[in-house]
Structures are given as structure tokens and as C-alpha cells.
Amino acid sequence: METFDPTKLPELLKLYYWRLFPYSQYYRWLNYGGVIKNYFQHREFSFTLKDDIYIRYQSFNNQSDLEKEMQKMNPYKIDIGAVYSHRPNQHNTVKLGAFQAQEKELVFDIDMTDYDDVRRCCSSADICPKCWTLMTMAIRIIDRALKEDFGFKHRLWVYSGRRGVHCWVCDESVRKLSSAVRSGIVEYLSLVKGGQDVKKKVHLSEKIHPFIRKSINIINKYFEEYALVNQDILENKESWDKILVLVPETIHDELQQNFQKSHSSLQRWEHLKKAASKCQNNIKNDKCGPWLEWEIMLQYCFPRLDINVSKGINHLLKSPFSVHPKTGRISVPIDLHKLDEFDPFTVPTISFICHELDAISTNEDKKEENEAESDIKHRTRDYKKTSLAPYVKVFEYFLENLDKSRKGELLKKSDLQKDF
């Protein structure tokens, strides 16, 4: 993938918004079949422009208006907000208190920086293949719960373009949920609790909820390679002391001795499991929790959600197909059928797809000197000739399922009303 040069971003964005952004699919998503009048028109968009100029409460009549404004403003970042009671661009003309957020997708934001206390390879905004597995586990755990525990059908997972992932749950009933219900859902999905000063962030009771058991089953598939090999979480005294803080003091001495004799994190983890099991079987020792091994695994691997992003209806979240201004990578949908193969470092950058387009355009200009083509025709097909195409296809598949579901619901209502 080409190296991204941030100084060229304005000219690259101009080409991207003119020729490559998948406007028709994007509008099709946020219009939700046009079933509810003014649904798209009442949606808030926020643009961040060059030099961090931030414009909120934008709204558009239709796809054409959105296209024209994006091409004119050239936003460095696009955020999507709620569907409001009135058009967001007219919010200043509405009586005080009348302008209210009414609906929005249930969204989740998982950021790699929230794992800095447990990942050893990178910190802050940096990521690498060794820690990206945390995002893979997070998606698997949260998506399974959303699908099986809550019955949510339409879930779009998107790479942020830099260090994290977002999820948009788009079922019609979900978009209408109150902040209180959203808070309840995100609370259900949260296990790792406590700030920097709290050493032990996961506490399990003797009765383990099925959600935790199923999450552990997912973590188990990745734990050895991720935590014990790639992260090497018991590599040396400094690293294993962080884990000893999470276990009862009664087994500290035994573990210290065994860890010093061992030669790898894999061997030390086996010692920890044996010591925990022995401790748990000792009825007199009530300080030793029954699920010590699981608590450590969860603290090191369980998803860490930004609760505020999920519970607020009026909270903004970065739009799919935005360009990250620091990395140049496109914020692309993730194919859950190929989740283990997803590599953030192979996600196309804006410079790469614009370069692809330039190469294609040069060849086509020779062929089409005598043919007149409209801008729109160009736009509807140009992304298909670049590395962006497979990601738009994932998005289209998601939209097709949304359409099928919507048609099914309309048929049900029609049958109930005997409206043949």
C-alpha cells in the first residue's frame, strides 16, 4: 500500500468525493427505504474541515444535495448524528426545547487505546498485527451477543481508519430505543470496570452468566497465540507481577518460584492454572475466587466499550467511508465472514485508490475520446475499478438484508390489515 502524504489530502479528497465516494449506497442506508417521510432530511451530519473547523447540525434534502455539499466543503471527517424532530440546519429557528433527538442507530465504539494497560506491543494510537487480535475478539464477542442475546439482525461493523472499530445496529426497533435502554444494553456488554488506579478490573461471582461463558469460549480460541505467544504476558518479572496483583496473596510465593523456574509464558500460565485450581479446591481458603483464570483472561482480552457513545441518542459517530486524516485509510465495512483475515494495514488509503483511478482514467481517456459521459455515470462505477470495491460490496450486502427485512415487515402489516 502506498505511503500516505497528509499534505496532499485536500486534492485527494476532492477527487475522492467527486469520483469515488459511494453516494447512492450511503443515501440508501440512511434513507431506510424512504418509509418514514423526512427521515433523511431530519438527520444530522457534522463535517470537520481543514484546520479543525467543525460544523454541526447540517442536513440535506436528498442524495444530490449531500453530494454537492460534500464536494464543495471537502470535509476531512464526516460524523453522523441522530434523526431530530426538526431539520438540524433549521435548529436555531425552532422554539427552545422543541429541537430533540428522536432516533438513531445503536452504536458501539471500541478503541485500542483503552487496552493500553494490557497490551505490550504498542500504546496510544499505534497498532500492529500482534494487538489487532483484540479487535477481532471484541467484534466476535459483541456481535454474538447482539445477534443471539438481543436478537438484533442488522449490524454493520466498520474499521475506524486508524486504531479501532465501530458497530452500527440498524434494526428499526433499535433506532427508536431510549437512552435508558441503550445504557442497559451497553452495561450488559461491559465487564472490565475501573480506571487506571484499579488493578483488578474483573470480578466474577460463583454463578456465571451464559454471556460470560460464551465470551470465554471465544477468547479461548485466541488466548494462547494472542496473549501467551504474541503478547508474552508472562515474559519476565515485570510482566508477571502485573498478573500476580490479580491473584490471591496466598499463592504469590508458589507462583513466583515456579515462574522463575519456567522458560516461557506458556509454561507459567500452566503453573498459574494449577495453583488456581488447587486454591479453589481448598474449602478453607475463601479468598480464592472460583474463576480466577477466567478473570485474568477477561481482563486481558474482553472488549472495552466507550459507554457514552452508545447510550446517548444525540452522540455523533464517524461515518463509514470517511477518510482518516492521519493515516489516509478509508473507514471501511468489515466482512464478518472473513473477520480473522481482516488486516487494517491492507485497507486502502485515499492516495492509493486515487492513484488507481488516475491509472484507469488515463487508459480510458484514450478509448473514450469520442464518447461523452456524465459525471454521475462516472461516479456510479469508478469505485468498482479500485481497491475500494470489495468493501462497498460488503456494504451493499448489508443494505440488501435491510431491504429484505423491511419488505418482509411491510408484507406482514399488509396481511394483518387484510390489505391485499
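## A salt bridge to start with

Arg-144 pairs up with Asp-149 in a salt bridge, with the closest N and O atoms 2.9 Å apart. The arginine end is buried, at 11% relative accessibility, while Asp-149 is partly exposed at 29%. Keep in mind that this is a predicted model.

Asp-116 and Arg-119 make another such pair, again with an N to O distance of 2.9 Å. Here too the arginine is buried: Arg-119 has a relative accessibility of 5%, and Asp-116 counts as partly exposed at 30%.

## The rest of the salt bridges

How many salt bridges does the structure hold? The total is 23. One of them sits within helix α8, where Lys-237 and Asp-241 are four residues apart, about one turn of the helix. Their side chains meet at 2.9 Å, N to O. Residues three or four places apart in an α-helix point the same way, because the helix has 3.6 residues a turn. Lys-237 is partly exposed, with a relative accessible area of 42%, and Asp-241 is partly exposed as well, at 26%.

There is also a network: Arg-19, Asp-382 and Lys-385 are joined by salt bridges that share partners.

## The chain as a whole

Zooming out, the chain has 15 helices and eight strands, and its C-alpha trace spans about 80 × 55 × 45 Å along the principal axes. Of the 420 residues, 51% are buried. If you take contacts between residues at least 6 apart in sequence, 71% of them join residues at least 24 apart.

The chain divides into two domains. Domain 1 is pieced together from 6–107, 153–180 and 305–417, and domain 2 runs over 193–301. Their C-alpha centres lie 42 Å apart.

## Arg-268, a buried charge without a bridge

Arg-268 sits in helix α10, which covers residues 265–281. Which side chain of opposite charge is nearest to Arg-268? That would be Asp-232, at 5.8 Å. A salt bridge needs the nitrogen and oxygen within 4 Å, so Arg-268 ends up buried with no salt bridge. What its side chain does reach is the backbone oxygen of Leu-234, at 2.7 Å.

Beyond its neighbours within four places in sequence, Arg-268 is in contact with Leu-234, Glu-235, Trp-240, Phe-259, Ser-262 and His-263. Phe-259 is also one of the buried residues of helix α9 (residues 252–261), along with Leu-255, Gln-256 and Asn-258. The cover over those buried α9 residues includes α8 and α10.

Glu-235 is in the loop between α7 (210–230) and α8 (237–244), and is partly exposed, with a relative accessible area of 39%. Setting aside residues up to four places away in sequence, Glu-235 touches Arg-120, Trp-240, Ser-265 and Arg-268. Trp-240 is on the contact list of Arg-268 too. The C-alpha atoms of Glu-235 and His-263 are separated by 8.4 Å, although the two residues are 28 apart along the chain.

## Cysteines without partners

A search of the whole structure turns up zero disulfides. Cys-121 counts as partly exposed, at 32% relative accessibility.

Cys-301 is in no disulfide either, and its nearest cysteine sulfur is that of Cys-121, 12 Å away.

## Two buried loop residues

Val-202 lies in the loop between α6 (179–188) and α7. Is Val-202 buried or exposed? At 1% relative accessibility, Val-202 counts as buried. Its contacts, not counting residues up to four places away in sequence, are Leu-191, Val-192, Glu-295, Leu-298 and Gln-299. Val-192 is 10 residues away along the chain, with the two C-alpha atoms separated by 5.3 Å.

Ser-322 is found in the loop between β8 (317–318) and α13 (350–367), and is buried at 1% relative accessibility. Leaving out neighbours within four places in sequence, Ser-322 is in contact with Lys-77, Ile-78, Arg-329, Ile-330 and Ser-331.

Methods. Residues numbered from 1 in each chain as written. Predicted model: local features only at pLDDT ≥ 70, side-chain atom pairs only at ≥ 80, totals over all residues. Heavy atoms only, no water. Buried < 20%, exposed > 50% of the residue type's maximum accessible area, 1.4 Å probe, protein only. Lys, Arg positive; Asp, Glu negative; His and termini not counted. Polar contact = N/O pair within 3.5 Å; in protein donor to acceptor, adjacent residues only side chain to side chain. Contact = heavy atoms within 4.5 Å. Disulfide = S-S within 2.5 Å. Domains from an automatic or database assignment.
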